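Try each task before you read its solution.

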Amino acid sequence: MSNVIPAVTARTQLGQILKRAGEGDERFLVDRRGEPAVIIMSVRDYIKNIAPPRASVKAIREDAARKGTGSLSMREIDRIVATVRRQRNKKTKRSVK
């Protein structure tokens, strides 16, 4: 890893480091008193190289993209959840009677 930086530099230039990591997928090894302490990297880089999603998660994402539901807003998601809950409650009340 070529981007080894001291903790003091990481602290004083954190904004720039985060920008470079997020936009350019650069990785930074932050050392503290000469010892490696942490790695700064983008989430995209982390998911791609360190923790790829399980096959089931990948299938769900692909299905959502095909159905056009991969970019629902929180308001739309809340509305769908409320509808499903109302339907479930109606079924529960009917079976109790």
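Before we start: two strands count as paired if DSSP finds at least two bridges between them. Keep in mind that this is a predicted model.

**Exercise 1.** Work out how the strands are arranged in the sheet.

*Solution.* Start with the order: 3 strands run β1-β2-β3 in an open sheet, and their pairing is mixed. Next, find the edges: β1 (4-6) and β3 (35-40) each pair on one side only.

**Exercise 2.** Trace the pairing of β2 with β3 and find the turn.

*Solution.* First, take β2 (residues 28-32): it pairs with β3 in the antiparallel sense over 5 bridges. Then go bridge by bridge: Asp31 partners Pro36, and Arg32 partners Glu35.

**Exercise 3.** Which residues form a positive surface patch?

*Solution.* Pick out Arg86, Lys90, Lys91 and Arg94, which make up the patch. Then place Arg86: it's in helix α5 (residues 74-96).

Key. Residues are numbered from 1 along each chain as its sequence is written. This is a predicted model: local features need pLDDT of at least 70, side-chain atom pairs count only at pLDDT 80 or more; totals for chains, interfaces and linings use all residues. Side-chain values use heavy atoms; hydrogens and water are left out. Patches are made of residues with over 30% relative accessible area and no salt bridge: like charges are joined within 9 Å, nonpolar side chains (Val, Leu, Ile, Met, Phe, Trp, Tyr) within 5 Å. Accessible areas come from the Shrake-Rupley method with a 1.4 Å probe; for residues, only the protein chains shown count as cover. A salt bridge is a side-chain nitrogen of Lys or Arg within 4 Å of a carboxyl oxygen of Asp or Glu. Lys and Arg count as positive and Asp and Glu as negative; His and the chain ends are not counted. The place of a charge is taken as NZ of Lys, CZ of Arg, CG of Asp or CD of Glu. Helices (H or I, at least four residues) and strands (E, at least two) are DSSP runs, numbered from the N terminus.
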